[in-house]
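Here is a friendly briefing to read alongside the model. Have the viewer open as you go through the points.

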Amino acid sequence: MLGQSQAFSGFSVDDLDEARRFYGETLGLQVEDTGEGEMRMLTLRLGGGTQVFVYPKPTHTPATFTILNFPVDDIETTVDELQRRGVSLTRYPGFEHDEKGIVRVGNGGPAAIAWFTDPAGNVLSVLQEH
């Protein structure tokens, strides 16, 4: 029934201006302001025509799961650049992280993944496929 729908995703943050700076300047994504006043939100324009809405929520609670995964060709270079831009990687118990904070995965998943959070505490990742 909805197989032909152009679905989109969204998530909340506690500060839209801080989110705009992080997603636009730090991560280098195309970010557009939409709406006004209480209806103001951000639209992240990603590859392939994908869009993600970011909206303010006064009672925001950070997601406890990964809300956005960014596939990259070279995770080492990407992690170095993220850290150069002030992004700290998150290390989770139960995973073996290398010195940069990258987890090398065996069969059945990406070859490598590294997690970090946005200023609102939402979890993001960069991952490299096999």
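**A salt bridge to start with**

Lys-100 and Asp-80 pair through their side chains in a salt bridge, at 2.9 Å from N to O; the term stands for a side-chain nitrogen of Lys or Arg within 4 Å of a carboxyl oxygen of Asp or Glu. The two residues are 20 apart and link distant parts of the chain, with Lys-100 in the loop between β6 (89–90) and β7 and Asp-80 in helix α2. This is a predicted model, in which local features need pLDDT of at least 70 and side-chain atom pairs count only at pLDDT 80 or more, while totals for chains, interfaces and linings use all residues. Residues are numbered from 1 along each chain as its sequence is written, and side-chain values use heavy atoms, with hydrogens and water left out.

**Fold and dimensions**

- The chain contains two helices and nine strands, where helices (H or I, at least four residues) and strands (E, at least two) are DSSP runs numbered from the N terminus.
- Read from the N terminus, the order of elements is β-α-β-β-β-β-α-β-β-β-β.
- The radius of gyration is 16 Å, close to the 14 Å that the globule rule gives for 130 residues, so the chain is as compact as a globular protein of that length. The radius is taken over C-alpha atoms, and the rule is 2.2 Å times the number of residues to the power 0.38.
- The C-alpha trace spans about 45 × 40 × 25 Å along its principal axes.

**Burial, contacts and surface**

- Of the 130 residues in the chain, 36% are buried (buried is under 20% relative accessible area, exposed is over 50% and partly exposed is in between, with a 1.4 Å probe and protein chains only).
- Taking contacts (heavy atoms within 4.5 Å) between residues at least 6 apart in sequence, 51% join residues at least 24 apart.
- Helix α1 (residues 16–26) includes Thr-26, which counts as buried at 18% relative accessibility.
- Beyond its neighbours within four places in sequence, Thr-26 is in contact with Arg-21, Arg-85 and Val-87.

**Charges and salt bridges**

- The chain carries 10 positive and 19 negative side chains, and the centres of the two sets lie 2 Å apart. Lys and Arg count as positive and Asp and Glu as negative, leaving out His and the chain ends; each charge is placed at NZ of Lys, CZ of Arg, CG of Asp or CD of Glu.
- Side chains of opposite charge can pair when their charged atoms come close.
- The structure holds 10 salt bridges.
- One of them joins Glu-32 and Arg-45 at 3.0 Å, N to O. This pair links distant parts of the chain, from strand β2 (residues 30–34) for Glu-32 to strand β3 (residues 41–45) for Arg-45, 13 residues apart.
- Glu-32 is partly exposed at 26% relative accessible area, and Arg-45 is partly exposed at 32%.
- Arg-104 and Glu-76 form another salt bridge, at 2.3 Å from N to O. Here the partners are 28 residues apart, with Arg-104 in strand β7 (residues 103–104) and Glu-76 in helix α2 (residues 75–84).
- Arg-104 counts as partly exposed at 45% relative accessibility, as does Glu-76 at 27%.
- Asp-80, from the opening pair, is partly exposed with a relative accessible area of 36%.
- A network of salt bridges links Glu-76, Asp-80, Asp-98, Lys-100 and Arg-104.
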